[in-house]
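Biologist: I would like to learn how to read the features of a model step by step, with the general idea given before each case. Could we begin with a single residue and then widen the view?

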Amino acid sequence: MSESLTEQERVRREKLSALKEKNIDPFGSRFDRTTTTQTLHDLYKNATKETLDENPPEPVKIAGRMMTKRGKGKAGFAHIQDARGQIQIYMRKDDVGEAMFELFDKADLGDIIGVEGTLMRTRMGELTIKVSTYTHLVKALRPMPEKYHGLKDVEARYRQRYLDLMTNEDTKNVFVLRSKILSEIRTYLNNKGYLEVDTPILHPVLGGAAARPFVTHHNTLDMPFYLRIAPELYLKRLLVGGFEGVYEMARTFRNEGISIKHNPEFTMLELYEAYGDMASMMVLTESLIKHLCETVLRRYTVDYGGKTIDLSKSWQRLHMADAVKAETGIDFRDPAMTFDQAKAHAKKHNLEIPAHFTGPGHILFLLYETYVEKTIVEPTFVYGHPVETSPLAKRSKDDERFTDRFELVIDGREYANAFSELNNPIDQKERFLAQLQEKDLGSSEATEMDHDYIEALEYGMPPAGGLGIGVDRLIMLLTESPSIRDVILFPHMRQKR
């Protein structure tokens with residue numbers, strides 16, 4: 001093993017051995033802190049050097065990772081970092097004694113230490129702890145990356161997030177903000193009377209969305225299971241049971257491509273409201289996101305993809321067929337539109353038609369995704385999805401070829417998906433049968449027949465609105481992060497060879 005060590009790693013292990021010889025545990029034990037770096041900076045931001053010298057506060061105890069170190073002879077400075085920030089410490093051999101000063105002198109960047117001392121300001125005005133007691137806590141056996149500039153290698157930042165958090169303050173701030181956003185979503189929904197619930201991750205039947213699943217096997221039951229692609233069908237069973245507003249912050253899995261917008265494991269907010277519909281979900285979606293801007297961001301604009309997007313304005317509403325007509329000239333509202341005519345339009349646009357496409361609605365959605373979605377910048381509710389691509393949404397009363405479903409699109413990306421929920425068990429069964437037909441024709445994303453869900457609907461589910469929000473993608477927008485890997489602590493990546 002020693003042959004594979006770098007010179008720095010070898011020296012650090014020698015120091016570890018030296019600590020053991022002095023009966024000092026290289027990996028430490030409990031250390032009772034009395035404060036944090038942020039608390040000290042907040043409490044004493046206005047305290048002058050003279051004030052601290054004349055009336056020093058009570059001694060403080062603090063612990064953290066040594067990030068910088070300088071000095072020689074009988075005195076030295078260092079910065080230690082905890083979860084909230086950094087603070088400078090000042091060590092004098094005459095104050096702490098030879099043994100403690102030697103520990104400090106031989107410490108490496110990355111070591112975790114504890115100190116006790118009094119606050120002062122240096123001649124340069126920096127708030128500093130003048131150390132009276134120094135405690136070694138943990139010996140770092142590897143050097144930190146790029147001492148002054150943080151971890152810059154993008155792939156390494158994702159693979160070794162602990163180093164990224166250790167050295168990049170911006171990264172840490174993104175995940176602190178993520179936590180606040182998740183907490184505020186829960187607070188907002190709880191205050192509106194929604195009940196947070198948990199539903200199964202292992203599903204015996206594939207359903208709730210159009211997606212490719214991960215498949216596993218339960219040994220005792222001797223049956224296959226899917227990792228859930230959506231919690232939808234279980235949550236709507238709860239409406240049948242009598243709950244009137246439920247939500248789940250659901251860890252969800254889809255066995256699909258990886259990109260700056262997609263991770264195979266992600267967080268989805270799904271909620272269902274009895275007696276609501278697509279329109280009430282539009283109001284809720286806009287209100288929730290604007291609430292997050294107000295309470296967490298403290299602003300309504302985000303700079304994203306080189307564009308400044310204002311989320312404070314009233315959000316647009318656009319029927320999918322109208323949007324496609326505006327871009328292509330093809331009118332899918334025409335009741336005479338046949339599947340053959342729709343396929344002919346697609347071929348004129350050089351679009352490949354999958355074998356499982358069975359109706360003009362499939363072509364409409366293909367044209368929308370190809371020509372329209374990428375052109376939408378400002379927050380827009382695109383509604384009126386075709387029945388063929390919306391097996392769980394209620395048909396529109398104005399035209400039953402379309403559904404009461406919307407997607408929220410901002411800067412060419414989908415952030416939310418919502419329906420007036422289909423609660424007609426007869427129609428729902430027919431939609432599932434159509435999905436099975438698509439599966440037989442080669443669709444890898446078609447859902448299966450869920451007989452228990454149909455039975456639940458036969459007991460009666462109230463009219464309802466349902467909403468799904470891709471939480472990671474929303475956090476990307478609110479934190480102005482270019483990739484989904486920037487907002488997931490441990491994103492999935494191909495193994496290094």
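Modeller: Let us start with V409, which lies in strand β16; helices (H or I, at least four residues) and strands (E, at least two) are DSSP runs, numbered from the N terminus. Residues are numbered from 1 along each chain as its sequence is written. This is a predicted model, in which local features need pLDDT of at least 70 and side-chain atom pairs count only at pLDDT 80 or more, while totals for chains, interfaces and linings use all residues, and side-chain values use heavy atoms, with hydrogens and water left out.

Biologist: Is V409 buried or exposed, and which residues does V409 touch?

Modeller: The term buried means under 20% relative accessible area, exposed means over 50%, and partly exposed is in between (1.4 Å probe, protein chains only). V409 is buried, with a relative accessible area of 0%. Contact means heavy atoms within 4.5 Å, and, not counting residues up to four places away in sequence, V409 touches Y368, E373, I376, E378, P379, T380 and V382. For a sense of scale, V409 and D170 are 239 residues apart in sequence and 27 Å apart in space, C-alpha to C-alpha.

Biologist: Which residues of helix α9 are buried, and against which elements do they pack?

Modeller: The general idea is that an α-helix has 3.6 residues a turn, so residues three or four places apart point the same way. In α9 (residues 232-241), the buried residues are E232, L233, L235, K236, R237 and L239. The buried residues of α9 pack against the strands β10 (245-253), β11 (265-274), β17 (413-420) and β18 (464-470), and against the helices α14 (425-440) and α15 (451-458). Just after α9, G242 takes a positive phi of about 120°.

Biologist: How many residues does the largest nonpolar core have, and which have the most contacts inside it?

Modeller: In soluble globular proteins, nonpolar side chains tend to be buried together. A nonpolar core is a set of buried Ala, Val, Leu, Ile, Met, Phe, Trp, Tyr and Cys residues joined through side-chain atoms within 4.5 Å. The largest one here has 45 residues, and those with the most contacts inside it are L269 and L467. The largest share of this core, 10 residues, comes from helix α10 (residues 278-297). Apart from it lies another core, of 29 residues, among them L19, L40, Y134 and M166.

Biologist: What surrounds L269, and where is the place of I185?

Modeller: Not counting residues up to four places away in sequence, L269 touches I185, L189, Y247, E248, M249, L288, L467, G468, I469 and V471. The place of I185 is in helix α8 (residues 169-191), and I185 counts as buried at 2% relative accessibility. Leaving aside its neighbours within four places in sequence, I185 is in contact with M249, L269, L288 and L292.

Biologist: For a loop residue, what is the relative accessible area of R333, and with which residues is R333 in contact?

Modeller: R333 is in the loop between α11 (320-328) and α12 (339-348), and R333 is partly exposed, with a relative accessible area of 35%. Leaving aside neighbours within four places in sequence, R333 is in contact with H319, A321, D322, D399, R401 and F402.

Biologist: Finally, how many helices and strands does the protein have, and what is its radius of gyration?

Modeller: The protein has 16 helices and 18 strands. The radius of gyration is taken over C-alpha atoms, and the globule rule is 2.2 Å times the number of residues to the power 0.38. The radius of gyration of the protein is 29 Å, well over the 23 Å that the globule rule gives for 497 residues, so the protein is more spread out than a compact globule. Along its principal axes the C-alpha trace spans about 95 × 50 × 50 Å, and 49% of the 497 residues count as buried.
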